[in-house]
Amino acid sequence: MQCVKVLGGVLGAAALLGLGIILGHFAIPKGTDLPAPSASASQDLDLEILEAVMGQLDADRIRENLRELSKEPHLATSPRDEVLVQLLLRRWQDPESGLDSAGTSEYEVLLSFPSQKQPNRVDVVGPAGGILFSSQRSEENLTGEQGDPNVVPPYAAYAPPGTPQGLLVYANRGSEEDFMELYQQGIKLQDSIVLTRYGGVGRRAKAVNAAKYGVSGVLVYTDPADINDGKSLPNETFPHSWGLPPSGVERGSYFEYFGDPLTPYLPANPSSFRLDSDNASGFPPIPTQPIGFKDAEVLLCNLQGASAPAAWQGALGCDYKLGPGFRSDGIFPAGSQVNVSVYNRLELRNSSNVLGIIRGAVEPDRYVLYGNHRDSWVHGAVDPSSGTAVLLELSRVLGTLLKKGTWRPRRSIVFASWGAEEFGLIGSTEFTEESFSKLQERAVAYINVDISVFANATLRAQGTPPVQSVIFSAAKQIRAPGPSSLSIYDNWIRYSNRSSPVYGLVPSLGTLGAGSDYAPFIHFLGISSMDIAYTYDRGKTSARIYPTYHTAFDTFDYVDKFVDPGFSSHQAVARTVGSVLLRLSDSLFLPLNVSDYSETLRSLLQAAQQDLGGLLEQHNISLGPLVTAVEKFEEAATVLGQHISALQKGTPDPLQVRMLNDQLMLLERTFLNSRAFPEERYYSHVLWAPRTGSVATFPGLSNACSKAMNTGPRSAAWAEVQRQLSILVVALEGAAATLRPVADLW
């Protein structure tokens with residue numbers, strides 16, 4: 001999970017058309033393309049249809065979808081990945097349950113693979129040059145699936161090739177603070193090999209931070225303290241439980257950005273300019289290789305040196321030392337070093353997206369998008385096939401209603417199966433780059449369901465504030481899995497909640513980072529987005545994610561036995577997503593509550609006032625304009641809400657509805673500023689960009705203040721603080737203006 005192209009032609013066409021052509025085609029009503037004239041501009045959400053869809057979403061069908069999707073490894077661009085492309089096409093072109101049209105697209109993108117002739121390896125080399133220990137090159141074949149010849153060996157995608165060798169040092173999670181701790185303790189890092197554990201910072205950041213201190217190579221492992229609640233024995237882990245086995249290795253992309261590495265901001269088409277791979281940025285600077293915790297134990301538990309801090313200790317059954325090098329009374333002779341041999345290669349490959357569309361009856365030029373990536377590191381039963389299994393079932397139910405002629409949405413629905421997400425959200429990013437203008441003008445919202453079920457305790461939803469209300473509405477009307485009679489909403493609030501000054505106690509809606517295909521939609525295009533899944537009880541496990549994440553143990557049987565027996569949680573996600581999708585596509589007024597942004601803005605403002613106000617005053621920087629801008633937004637959002645309520649009580653003119661819905665749809669775009677974060681590729685949303693500063697406020701302001709803290713009063717850093725403040729004020733004033741009556745130019 002991390003992590004295009006062109007829609008096919010209309011049904012019956014022999015050749016596929018580009019996505020832009022298709023979307024443009026559907027934006028213009030054309031005779032037989034639209035349903036019978038009975039569909040009127042006043043068409044609203046049909047609750048009977050909604051209930052029918054909820055009742056027809058079948059857990060057994062989802063289970064069988066998952067069995068088929070995950071029965072073989074399907075790494076991006078592999079033969080099995082292309083088989084799944086054809087499976088999706090068949091489903092979406094089925095005459096009984098298909099969509100209006102479906103097609104594929106390809107982009108030529110730069111991917112990274114391990115060498116088949118020279119496997120990556122990690123060796124302990126003795127003083128005389130002999131190999132004393134070698135890490136496992138593949139995971140143990142515990143259930144048969146791990147021995148599949150198409151299982152890609154563990155590797156760090158985009159890590160450069162090389163064979164560095166040096167004394168081993170333990171560097172905890174590889175954060176900047178961790179390396180500073182080692183440096184301050186006098187640990188020699190130059191030319192060393194460091195062993196780090198997953199978590200804390202991003203994959204690539206571990207290598208970047210290490211390289212700053214002259215480290216030659218990086219090893220990464222998953223500590224059982226971080227994933228298995230400390231359990232590490234074979235009889236305590238899969239296939240005996242859902243825990244990660246000792247040989248399990250998390251694969252992943254170590255590329256910093258999202259999208260094709262060679263065509264930033266451009267779709268990876270034959271006509272697009274490409275960077276030379278030697279000049280492309282964002283790759284790890286030094287060779288890096290992941291290993292299992294069984295091998296990490298051999299290395300870490302034989303280190304010499306001072307004991308690691310208490311917070312750095314894990315669950316491998318020994319006192320973690322810092323190094324450098326191995327202790328003389330261990331299994332390796334003094335002076336033994338670690339050699340990391342990485343033979344990864346970069347390769348241009350054609351990666352496919354599959355897209356299908358149901359044309360809207362009234363507003364075919366307004367798109368509600370629902371997507372999930374298709375590619376996986378190995379079998380990928382949880383990530384991403386649990387999401388694709390739900391996607392296929394929901395599209396089947398809606399397609400069946402469509403083919404029977406009993407339903408057609410008000411707005412167009414676009415289903416998407418993204419390619420090469422695991423390498424850096426490539427398929428979805430190329431799609432947004434190619435369809436930038438149309439999507440910014442016409443996309444209502446993007447729904448992402450990557451991993452649909454992490455575990456079976458509770459719903460977990462992330463999104464921008466306007467989507468909170470539609471997710472809550474859906475969750476309140478669907479029964480939660482299990483013996484209780486609680487709704488998904490009421491069950492959710494038991495596990496994760498917050499106190500809202502407006503609504504009281506409500507479930508916690510998480511924010512969107514860059515972990516899946518929603519990232520280009522929200523950060524690059526400013527489209528209201530959400531990510532929906534079922535997950536585990538945080539009170540019962542400290543696991544940072546489900547234990548077999550990105551390993552060869554993420555199989556159908558793993559899901560069937562441990563993650564979601566009976567597939568009731570998959571069904572619950574399908575119902576929740578289906579309800580959200582229908583509400584967004586069929587409601588007369590878009591169910592996007594822009595007033596919920598007021599609470600977010602007020603919270604961010606209060607953090608700025610409390611934690612930065614005094615510092616800013618010392619430098620003659622006033623938060624007054626920001627306060628005024630937030631107040632203007634709150635007022636405009638309140639007035640718009642009142643206007644919507646008044647219109648809902650009457651019989652509004654279709655043009656009034658259209659104008660008001662455009663205000664709701666376009667609000668998110670007003671927070672974009674392409675020059676706000678020049679150092680961050682694709683990030684332009686001034687509220688949700690990455691925050692590196694310690695104050696939990698507007699990211700640009702927080703980051704700028706953090707950098708300016710110890711500089712002079714007239715420094716460029718303080719000028720940047722003022723610039724960021726101005727960017728915020730302009731964005732908020734623009735947002736307020738968008739919500740005011742459309743006849744008011746200012």
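Which residues make a nonpolar surface patch of about 270 Å²? In this predicted model, the patch is made by Leu 655, Met 659 and Val 742. Of these residues, Val 742 lies in the segment that follows helix H21, which spans residues 716-739.

The annotation "domain: Transferrin receptor-like dimerisation" covers residues 621-740. Over this span the chain is 60% helix and 0% strand, and the C-alpha atoms at its ends are 29 Å apart. The other annotation, "domain: Peptidase M28", is taken from the unreviewed UniProt entry as well and covers residues 353-561.

The description now turns to a sheet. Seven strands form an open sheet with mixed pairing, and their order across the sheet is E1-E12-E14-E13-E15-E19-E16. Strand E1 (101-113) and strand E16 (458-463) stand at the edges, and each has a single partner strand, so one side of each is left without a neighbour in the sheet. When direction is ignored, neighbouring strands of this sheet are turned by 20° against each other on average.

Strand E14 can be followed in more detail through its pairing with the strands beside it. Eight bridges join E14 (residues 411-418) to strand E13 (residues 363-373), and these two strands run parallel. Within this pairing, the bridge partner of Tyr 370 is Phe 415 in E14, and the bridge partner of His 373 is Trp 418, which also belongs to E14. Strand E12 (residues 345-358) is joined to E14 by five bridges, and here the two strands run antiparallel; Leu 355, for instance, has Ala 416 of E14 as its bridge partner. Strand E14 is also mostly covered, since eight of its eight residues are buried.

Several features of the backbone were found in loops. A cis peptide bond joins Phe 238 and Pro 239, with an omega of about 15°, and Pro 239 is found in the loop between helix H7 (224-227) and strand E9 (252-253). Another cis peptide bond joins Asp 383 and Pro 384, where omega is about 5°; the place of Pro 384 is in the loop that runs between E13 and helix H9 (385-404).

Positive phi values occur in residues other than glycine. Asp 229, which is not a glycine, has a positive phi of about 55°, and Asp 229 is found in the loop between H7 and E9, where Pro 239 is also located. In Leu 425, likewise a residue other than glycine, phi is positive and near 50°, and the place of Leu 425 is in the loop between E14 and helix H10 (426-434). Are these residues buried or exposed, or do they fall in between? Asp 229 is partly exposed, because its relative accessible area of 38% falls between the limits of 20% and 50%. Leu 425, by contrast, is buried, because its relative accessible area is 1%, and buried means under 20%.

Methods: Residues are numbered from 1 along each chain as its sequence is written. This is a predicted model: local features need pLDDT of at least 70, side-chain atom pairs count only at pLDDT 80 or more; totals for chains, interfaces and linings use all residues. Side-chain values use heavy atoms; hydrogens and water are left out. Patches are made of residues with over 30% relative accessible area and no salt bridge: like charges are joined within 9 Å, nonpolar side chains (Val, Leu, Ile, Met, Phe, Trp, Tyr) within 5 Å. Accessible areas come from the Shrake-Rupley method with a 1.4 Å probe; for residues, only the protein chains shown count as cover. A salt bridge is a side-chain nitrogen of Lys or Arg within 4 Å of a carboxyl oxygen of Asp or Glu. Helices (H or I, at least four residues) and strands (E, at least two) are DSSP runs, numbered from the N terminus. UniProt positions are given in the numbering used here, feature names are shortened, and annotations may be inferred rather than shown by experiment. Two strands pair if DSSP finds at least two bridges between them. Axes are lines fitted to C-alpha atoms, for helices over the stretch in contact, and angles run from 0 to 180 degrees between N-to-C directions. Buried means under 20% relative accessible area, exposed over 50%, partly exposed in between (1.4 Å probe, protein chains only).
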